[in-house]
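The following note sets out numbered points for a colleague who will be working with the coordinates. Please read each point beside the structure shown below.

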Amino acid sequence: MEVLERTPTDAGSATAGMPAEAALIQAVRSLADGPLAELADDIDRRGIYPKSILQRLGELGALKAHIAEPGRPADYGLAIQAMTEVSRVCGATGFMVWCHAVCGVYMEQSGNPALTGALLEQHGNGQTLGATGMSNPMKTFAGIETFLLHARRVEGGFCVNGTLPWVSNLGPDHYFGAVADIVGMEGADGTEAATPQQEIMFLVRCDAPGVALRDCPSFSAMEGTNTWAVRLTDYFVGANDLIADPVRPFIGRIRAAFILLQTGMGLGVAQGAMDSMWKVERQLGHVNEFLEDRPDALQQELDALTARIMALAQTPFGSGREFLIDVLDARAHASELALRAAQSALLHQGARGYLMTSDVQRRVRESHFVAIVTPAIKHLRKEIARLSAEEQPA
């Protein structure tokens, strides 16, 4: 899809007569520049959860752009652009938009009527809120960790036990996608042995029996993401909550979409940093011109990366090796650019950017999160190396 240029707007700007895509982005921009901007510092440092902002984004249609509806095809590019506008003002809220959006991918792609009917419609409209507990399984599939949730087959479904240490965008009435390996009979040492390469993916409902949300240690930023440790104790998974069985073919199918959606966070944090650089250009340009990574050069790089991501987003479920390498590389580039732009913004603003209340200081910490959230830069590079090695002749 066409990349929409950012132009200043006020919250009362009319969108009548605009193409639907442009009207959505302008509406999201107005919400971000107004109510969200006023809350950003409280979200970051005081742990204020912006539930009303997320619900308003749902009402605008920003949370379902990537979900197909009758008469409207899925548009991953539009979803990424909306996430970029949110992340430009508040990286934490942009991250929660991704958590919710990717949960919608799980539900839509599950093919399970119980997850693709009324629940998915409510989800897309922001009437209910979802999340993702896929950090551990994604790392496990990459050979970095082992599964933390374990499932036993029982009558009518599965019984799951284990703890996930970090799951964001949660609340008492929220839900999230998770994966557990299937354990079989006891081994010789008396412990249950996992069945090789057999897992289930399922929806965890936070208000269901057997689910406990526990406090996490404080983060250096983004405290308002409602991140909890989740303990499952004899949690029952029935057919209505099953997303995938087997899991690995499903993950292979949605992997590119999962990663592409995340790029909106990096693009937005980078753009917000560049905006901060331009704010001081008139006053400090005479000395800032001696810094590397000037805003005009960074903007050109960001625009080129955005265009590249928009092209990839036209086929979000591509599975070819070259395509996956391109997606992983674009995601890594977005993280690296956010880091460079945020640090450059701090240098451009000087002491004012070092104040704890500065949006520049907050954005530095947000850029660190973009770089370490699964898949982190090191994870992305590991996967790129693995896929590239597979391309080499024996």
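1. A search of the whole structure, which is a predicted model, finds two cavities of 30 Å³ or more.

2. The lining of the largest cavity consists of Gly91, Phe95, Met222, Met265, Val269, Glu366, Phe369 and Val370. Two or more of these residues come from each of α4, α8 and α12. Helix α12 is the leading contributor, with three residues. Sorted by class, the lining of the largest cavity comprises six nonpolar residues, one polar residue and one charged residue.

3. The second largest cavity is lined by Arg255, Ile259, Leu324, Val327, Leu328, Glu383 and Leu387. At least two lining residues are supplied by each of α8, α11 (321–349) and α13 (377–391). The largest share, three residues, belongs to α11. In this lining, five residues are nonpolar, none is polar and two are charged.

4. The largest pocket has a volume of about 660 Å³. Its lining holds 29 residues, and those that lie nearest the centre of the pocket are Ser135, Trp166, Phe369, Val373 and Thr374.

5. Which elements supply at least two residues each to the lining of the largest pocket? They are α4 (91–110), α7 (135–141), β3 (157–167) and α12 (359–372). The class composition of this lining is 16 nonpolar, ten polar and three charged residues.

6. The next point concerns the nonpolar interior. In soluble globular proteins, nonpolar side chains tend to be buried together. The largest nonpolar core here has 115 residues, among which Leu57, Phe176, Met201 and Phe202 touch the most other members. Helix α8 (residues 248–279) makes the greatest contribution to this core, with 16 residues. Helix α8 is also one of the elements that line the second largest cavity.

7. Leaving aside residues up to four places away in sequence, Leu57 touches Val28, Leu31, Ala62, Leu63, Val86 and Val97.

8. How many disulfides does a search of the whole structure find? It finds zero. A disulfide is a covalent bond between the sulfur atoms of two cysteines. For Cys90, the closest cysteine sulfur is that of Cys99, and because the separation is 13 Å, the two are too far apart for a bond. Cys90 counts as buried, because its relative accessibility is 1%.

9. Cys159 is buried, with a relative accessible area of 9%.

10. One runs from Asp245 to Pro246, with omega near 10°; Pro246 lies in the loop between β8 (242–244) and α8. Another joins Thr374 and Pro375, with omega of about -5°; Pro375 belongs to the loop between α12 and α13. Thr374 is also one of the residues that lie nearest the centre of the largest pocket.

11. Positive phi values in residues other than glycine form the last topic. Asp234, in strand β7 (residues 228–237), has phi near 50°. Is Asp234 buried or partly exposed? Asp234 is partly exposed, with a relative accessible area of 47%.

12. Asp293 has phi near 55°, again a positive value in a residue other than glycine. Asp293 sits in the loop between α9 (281–288) and α10 (295–312). At 27% relative accessibility, Asp293 counts as partly exposed.

Methods: Residues numbered from 1 in each chain as written. Predicted model: local features only at pLDDT ≥ 70, side-chain atom pairs only at ≥ 80, totals over all residues. Heavy atoms only, no water. Core = buried A, V, L, I, M, F, W, Y, C linked by side-chain atoms within 4.5 Å. Buried < 20%, exposed > 50% of the residue type's maximum accessible area, 1.4 Å probe, protein only. Helix = DSSP H or I, 4+ residues; strand = E, 2+ residues; numbered from the N terminus. Contact = heavy atoms within 4.5 Å. Disulfide = S-S within 2.5 Å. 1 Å grid on protein atoms, 1.4 Å probe; cavity = no way out; pocket = protein on both sides within 12 Å on 5 of 7 lines; lining within 4 Å. Points joined across faces, edges and corners; volume = space filled by probe spheres on them. Nonpolar A, V, L, I, M, F, W, Y, C, P; charged D, E, K, R; others polar.
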